[in-house]
Amino acid sequence: MLPVERREHILAYVEEKGCANIEEMASKFDVSQMTIRRDIRTLEQEDKLRVTYGGAVSKSFLMEDIPYEKKNAVNIEEKKSIASEAFKHIREGQIVLLDAGTSTMALAKMLMRLRVTVITPDLKIALQLSDSTTAKVYTTGGLVSSITKAHTDVAALSFLDSINADVVFLATNSWSLEHGVTTASTDHYYIRRKMLERATRKILLADSSKYGASSMKTICQLDELDTIITDSRFHDENITAIEEAGGQLIRA
């Protein structure tokens with residue numbers, strides 16, 4: 001195999017998995033680890049992937065949480081449309097779990113006029129809902145992340161473990177057919193897994209710009225969700241692929 005052909009196969013392998021280490025790539029392509037190091041450096045120089053300590057990750061692979069302020073400044077109208085559709089899935093008197101995020105914040109603003117009980121790890125969402133005269137809001141408690149402004153530790157998990165919710169609205173920075181809903185944060189992974197576990201219905205709020213990206217840990221596969229709500233720019237071919245795999249998707 002010529003070096004250029006091998007690098008094409010390496011790139012395809014990394015993009016499929018999201019990340020790969022040097023040892024596994026050397027074994028798969030039957031070359032030395034030194035050769036793999038040279039190949040991934042070349043691919044990085046060509047802006048096709050990112051080299052990390054001990055391996056490589058695809059360009060769509062998110063290695064850390066995105067700060068709240070940065071997320072809040074993009075795709076504003078799409079998030080409003082997604083929230084409007086999500087609002088249709090809530091009834092008076094329900095117990096609602098709201099994940100930390102800007103799409104869920106857009107939904108929280110609409111919940112201000114409903115008689116619902118909201119439980120969230122997100123401090124900003126809790127403060128928003130604290131001004132409502134009808135909605136009740138609880139935070140999970142626990143350590144607050146300086147990046148996401150949300151609770152993350154075992155105290156939050158302990159609180160969630162006592163909750164029985166009607167519906168959870170999950171947020172994400174990365175989702176794909178191959179890897180499902182993913183996160184770069186181990187702490188947020190455990191919180192989101194617990195929220196999914198404690199809710200009867202499971203709904204993902206995710207704008208189309210985040211589709212195709214992946215991060216270190218898979219929270220759930222798309223077919224584990226009852227509904228996925230995205231925006232109108234989501235491509236038809238992606239909808240077909242998701243539905244064929246067992247997912248249920250709504251474009252808002």
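Two residues are in contact when heavy atoms of the two lie within 4.5 Å. By this rule, and leaving aside its neighbours within four places in sequence, S208 is in contact with T230, D231, R233 and F234.

This report describes a predicted model, in which local features need pLDDT of at least 70 and side-chain atom pairs count only at pLDDT 80 or more, while totals for chains, interfaces and linings use all residues. Residues are numbered from 1 along each chain as its sequence is written, and side-chain values use heavy atoms, with hydrogens and water left out.

## The chain as a whole

The protein chain contains ten helices and 15 strands. These elements are DSSP runs numbered from the N terminus, with helices (H or I) of at least four residues and strands (E) of at least two. Along the principal axes, the C-alpha atoms occupy a box of roughly 70 × 40 × 30 Å. The radius of gyration is taken over C-alpha atoms, and the globule rule is 2.2 Å times the number of residues to the power 0.38. For 252 residues a compact globule would have a value near 18 Å, and the 20 Å of the protein chain agrees with this.

Of the 252 residues, 50% are buried. Here buried means under 20% relative accessible area, exposed means over 50%, and partly exposed lies in between (1.4 Å probe, protein chains only). The protein chain exposes about 12200 Å², of which carbon and sulfur atoms supply 48%. These areas come from the Shrake-Rupley method with a 1.4 Å probe, and for residues only the protein chains shown count as cover. Among contacts in the protein chain with a separation of 6 or more, 60% are made by residues 24 or more positions apart.

## Aromatic rings

The structure holds five aromatic pairs. Rings of Phe, Tyr and Trp (its six-membered ring) pair if their centres lie within 6.5 Å; planes under 30 degrees apart count as stacked, over 60 as edge-to-face and the rest as tilted. The ring centres of W175 and F234 are 5.3 Å apart and their planes meet at 15°, so this pair is stacked. W175 belongs to strand β9 (residues 174-176) and F234 to the loop between β14 (227-230) and α10 (236-244), so the pair ties together parts that are 59 residues apart in sequence. Both W175 and F234 are buried. The rings of Y189 and Y190 have centres 5.0 Å apart and planes at 75°, so that pair is edge-to-face. Ring pairs also link W175, Y211 and F234 into a cluster.

Y189 counts as buried because its relative accessibility is 18%, whereas Y190, at 44%, counts as partly exposed. Y190 is found in helix α9 (residues 186-197).

A charge sits over a ring if NZ of Lys or CZ of Arg is within 6 Å of the ring centre and within 35 degrees of the ring normal.

| Charged residue | Ring | Distance from ring centre |
|---|---|---|
| K28 | F29 | 5.9 Å |
| K217 | Y189 | 4.6 Å |

## Strand pairing around β10

Two strands pair if DSSP finds at least two bridges between them. Strands β9 and β10 (residues 180-183) pair in the antiparallel sense over three bridges, and a hairpin of three residues joins β9 to β10. W175 has V181 in β10 as its bridge partner. Strand β10 is also joined by three bridges to β13 (residues 217-220), and these two strands run antiparallel. In this pairing, T182 stands opposite T218 in β13. In a regular strand the side chains alternate between the two faces of the sheet.

## Residues in loops

S208 is buried because its relative accessible area is 15%.

Where does D30 lie? D30 is placed in the loop between α2 (22-29) and α3 (33-45). Its phi is near 55°, a positive value in a residue other than glycine. D30 is exposed, with a relative accessible area of 69%.

K149, in the loop between β7 (136-139) and α8 (154-160), likewise has a positive phi, near 60°, and is a residue other than glycine. K149 is partly exposed, with a relative accessible area of 27%.
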